[in-house]
Amino acid sequence: MARALELARNGRGSVEPNPMVGAVIVRGGQVVAEGCHARFGGPHAEVEAIAQAQARGQDLSGSTLYVTLEPCCHQGKTPPCTDAIIRCGFARVVAAMEDPDQKVSGRGLAILRRAGMELALGVLEGPARELLGAYIKTRRLGRPWVICKWAQSLDGRIATHTGQSRWITGPQARAEVHRVRSWCDGVCVGVGTVLADDPLLTNRSGSGKQPARVVLDAHLRIPLESRLVQSARQSPLLIVTAADPGQRLQALEQAGAQVLRLPASPTGGADLPSLLEELGRRGWTYLLVEGGRNVLGQFLSAGLADEAMVFVAPRLLGGRQALGPVDWPEPDRIDQGLKLPPPRVAQLGEDLLLNFVISHY
C-alpha cells in the first residue's frame, strides 16, 4: 500500500478533479504489476496495473490488488473498474479508504464482495486521506483546497519597512513555489500585491499546467497596463470584486480578463466563502493563496485555509515597520492566536519549508 500511495502522487496536477490513485498487484508474495491514474480521462490505476500484468502474460486469478481508493463502480469517462477486477478473478482487494464520491461510497466494495472477493479496508488510511484531502473536500463541501503560502525572514518579516520583498528566499525555494503552481488551478493575490509588485503569477517550472490568476480587487483598481492584464489572453485572469464594474468591465474584458462580482463581506471586499463555492462549481481542486498580508489574514482568520506553506530564510530583517505575514485584529492573549498543527519540515538550499496541514476531512 505504501508503494501504491507513492505511485498515486504521480498524478498530482494531471488528474484533477479526479482523485490521485495508485494500485499494486501481488501474486504468490511477489509484485507482478503496478499502475497509477496518470491523467484526467485516462485509464484508472487498477486498469493500468491489470493491463501491465496482462501484457506480460500474467494470470491474475487468485492474486491480490492493493489500491489507495475504493474502486469505482460507475460509467464515467472510463468503464467501471469493478468490472475489470471481477473479470480478472482476483481473490482479494485491499483498499486504503472508501471513496467519498456519492456515486461510489461503498458501492464498489459491495459489488466486489458479492462477486466473492475477500476485502480489507483501512490499510494506511491516514496517509491516503491526507494525500486525497483536496479530493475529499471537493466531494463533501464543493470547494477547492486552499493553500496559504508566504516567504519570511527568521524573525517573521515578509518585507522591509520600504515594502521590498525580493528576494527573501533563495532559488531552490522559489523553484518549489513554481512546482506547486504547476498543479494548482489558480493563484490568488490581493490588488495591493499587484499595485506594489506587478507580478505575473505564472508557472515557470517548465512543466505542468498554467494556473489561472485570481485578483481580489474590491474597487477594481487593477491597472490596465499591469502585467496580469496585459497577459490575460495567454494565462486566464479572474478579477474578483464586490463593486459594480461599470465602464471598467468592457476594458478589462477586451483585454481578456474575466470579472466576477460577488456579494460583499462585512469588511467591504468580496465574500471569500462565495468565491470558494464559485471556484468549486468550476471544478477547481487547488487554490494557492500567495498574499499579501491582508489576503492571507482573511483566509486564515476565517478558517478557510486548509494548508500553509511557510518558507523561512536564515536572515533577520528587524525594524518596527517591517511587515509580518498576516494582518488581522491583534489578540490580547497568546491563546487567542491561531495555533497551527506541527509542521513537516524540508530544507531547500539555505531555506526551510514548514508545511502545515490544517484541515482533515
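Buried means under 20% relative accessible area, exposed means over 50%, and partly exposed lies in between, using a 1.4 Å probe and protein chains only. By that scale R282 is partly exposed, with a relative accessible area of 33%. This is a predicted model, in which local features need pLDDT of at least 70 and side-chain atom pairs count only at pLDDT 80 or more, while totals for chains, interfaces and linings use all residues. Residues are numbered from 1 along each chain as its sequence is written, and side-chain values use heavy atoms, with hydrogens and water left out. Helices (H or I, at least four residues) and strands (E, at least two) are DSSP runs, numbered from the N terminus.

- A pair of aromatic rings is described by the distance of the centres and the angle of the planes.
- Searching the whole structure turns up 2 aromatic pairs, where rings of Phe, Tyr and Trp (its six-membered ring) pair if their centres lie within 6.5 Å, and planes under 30 degrees apart count as stacked, over 60 as edge-to-face and the rest as tilted.
- W145 and Y361 have ring centres 6.2 Å apart and planes at 70°, so this pair is edge-to-face.
- W145 belongs to strand β6 (residues 145–153) and Y361 to the segment after β14 (351–357), so the pair ties together parts that are 216 residues apart in sequence.
- W145 counts as buried at 5% relative accessibility, whereas Y361 counts as partly exposed at 25%.
- For W183 and Y286 the ring centres are 4.8 Å apart and the planes are at 70°, so this pair is edge-to-face.
- Distant parts of the chain are linked here, with W183 in the loop between α7 (171–181) and β7 (186–190) and Y286 in strand β11 (residues 286–291), 103 residues apart.
- W183 counts as buried at 9% relative accessibility, and Y286 counts as buried at 4%.

**Salt bridges**

- Side chains of opposite charge can pair when their charged atoms come close.
- The count comes to 15 salt bridges, each being a side-chain nitrogen of Lys or Arg within 4 Å of a carboxyl oxygen of Asp or Glu.
- One of them joins R143 and E277, at 3.1 Å from N to O.
- That pair links distant parts of the chain, since R143 is in the loop between α6 and β6 and E277 is in helix α11 (residues 272–281), 134 residues apart.
- R143 is buried at 19% relative accessible area, while E277 counts as partly exposed at 34%.
- E290 and K149 also form a salt bridge, with their closest N and O atoms 3.6 Å apart.
- E290 is in strand β11 and K149 in strand β6, so the pair ties together parts that are 141 residues apart in sequence.
- E290 is buried, with a relative accessible area of 15%, and K149 counts as buried at 13%.
- R282 bridges to E278, with the closest N and O atoms 2.8 Å apart, and E278 is buried at 17% relative accessible area.
- Salt bridges with shared partners join R3, E6 and E34 into one network.

**Pockets**

- On a 1 Å grid over the protein atoms alone, a pocket is an open set of points where a 1.4 Å probe fits, with protein on both sides within 12 Å along at least five of seven lines, and lining residues have an atom within 4 Å of a point.
- The largest pocket holds about 1,200 Å³ of space, a volume being the space filled by probe spheres set on the points, which are joined across faces, edges and corners.
- Of the 50 residues that line the largest pocket, T193, D197, E290, G291 and G292 are the closest to its centre.
- Two or more lining residues of the largest pocket come from each of β6, α7, β7, α8 (191–197), β11 and α12 (293–301).
- The second largest pocket holds about 600 Å³ of space.
- Its lining has 23 residues, of which R12, E130, E307, R344 and N355 lie nearest the centre.
- β13 gives the most to the lining of the second largest pocket, with 4 residues.
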